[in-house]
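Reader: I would like to go through this chain with you, point by point. Please show it first.

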Amino acid sequence: SEDVLSKDTGECAICLEELQQGDTIARLPCLCIYHKGQVFLTVHTYTSRNCIDEWFEVNRSCPEHPSD
């Protein structure tokens, strides 16, 4: 499910960037969370961070719980 993070929560296990309050996230059934649909402005360029969507293009399980 898609949600907005209510507080800083460590790092995304896919991109290793911090999960920060206000980030759009995907919460998997195992309760792990990853960036979803983030767009950032960094020194004149926009960067999109869809970590879990890109992960699911090649994998069908949670990065932290591959056997689930």
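The questions below move from the overall fold to single residues.

Author: This is a predicted model, where local features need pLDDT of at least 70, side-chain atom pairs count only at pLDDT 80 or more, and totals for chains, interfaces and linings use all residues. Residues are numbered from 1 along each chain as its sequence is written, and side-chain values use heavy atoms, with hydrogens and water left out.

Reader: In what order do the elements of the chain run from the N terminus on?

Author: Helices (H or I, at least four residues) and strands (E, at least two) are DSSP runs, numbered from the N terminus. The chain has five strands and one helix. From the N terminus on, the order is β-β-β-β-β-α.

Reader: What share of the residues of the chain counts as buried?

Author: Buried means under 20% relative accessible area, exposed means over 50%, and partly exposed lies in between (1.4 Å probe, protein chains only). The areas come from the Shrake-Rupley method. The chain has 68 residues, and the buried share is 28%.

Reader: How many residues make up the largest nonpolar core?

Author: A nonpolar core is a set of buried Ala, Val, Leu, Ile, Met, Phe, Trp, Tyr and Cys residues joined through side-chain atoms within 4.5 Å. Here the largest one includes L5, C12, L19, I25, Y34 and C62.

Reader: Take I33. Is I33 buried or exposed?

Author: I33 lies in strand 3. Its C-alpha is 9.1 Å from that of T9, 24 residues away in sequence. Its relative accessibility is 12%, so I33 counts as buried.

Reader: How many salt bridges does a search of the whole structure find?

Author: Side chains of opposite charge can pair when their charged atoms come close. A salt bridge is a side-chain nitrogen of Lys or Arg within 4 Å of a carboxyl oxygen of Asp or Glu. D3 pairs with R27, and D53 pairs with K36. The search of the whole structure finds two.

Reader: How far apart are the closest N and O atoms of D3 and R27?

Author: D3 is in strand 1 and R27 in strand 2, 24 residues apart, and the pair links distant parts of the chain. D3 is partly exposed at 34%, and R27 is partly exposed at 31%. Their closest N and O atoms are separated by 3.5 Å.

Reader: And what is the N to O distance for D53 and K36?

Author: D53 is partly exposed, with 31% relative accessibility. The side chains of D53 and K36 meet in a salt bridge, with an N to O distance of 2.8 Å.

Reader: Which parts does that pair tie together?

Author: The D53 and K36 side chains form a salt bridge. The two residues are 17 apart in sequence, so the pair ties together helix 1, which holds D53, and the loop between strand 3 and strand 4 (38-42), which holds K36.

Reader: Which residues gather in the patch of negative charge?

Author: Patch residues have over 30% relative accessible area and no salt bridge, with like charges joined within 9 Å. Asp and Glu count as negative. E18 is partly exposed at 42%, and its place is in the loop between strand 1 (2-4) and strand 2. The patch on the surface gathers D8, E11, E17 and E18.

Reader: What is the phi of L16?

Author: L16 is found in the loop between strand 1 and strand 2. L16 counts as exposed at 53% relative accessibility. It is not a glycine, yet its phi is positive, about 65 degrees.

Reader: And the phi of L31, what is that?

Author: L31 sits in the loop between strand 2 and strand 3. L31 is exposed, with 61% relative accessible area. Again the residue is not a glycine, and its positive phi is about 80 degrees.

Reader: How far apart in space are T24 and L5?

Author: T24 has its place in strand 2. At 18% relative accessibility, T24 counts as buried. T24 and L5 are 19 residues apart in sequence, and C-alpha to C-alpha they are separated by 6.4 Å.

Reader: Last one. What separates H65 and C30 in space?

Author: H65 is in the segment after helix 1. H65 is partly exposed, at 29% relative accessibility. C30 and H65 are 35 residues apart in sequence, and their C-alpha separation is 8.0 Å.

How values were computed. Patches are made of residues with over 30% relative accessible area and no salt bridge: like charges are joined within 9 Å, nonpolar side chains (Val, Leu, Ile, Met, Phe, Trp, Tyr) within 5 Å. Accessible areas come from the Shrake-Rupley method with a 1.4 Å probe; for residues, only the protein chains shown count as cover. The place of a charge is taken as NZ of Lys, CZ of Arg, CG of Asp or CD of Glu.
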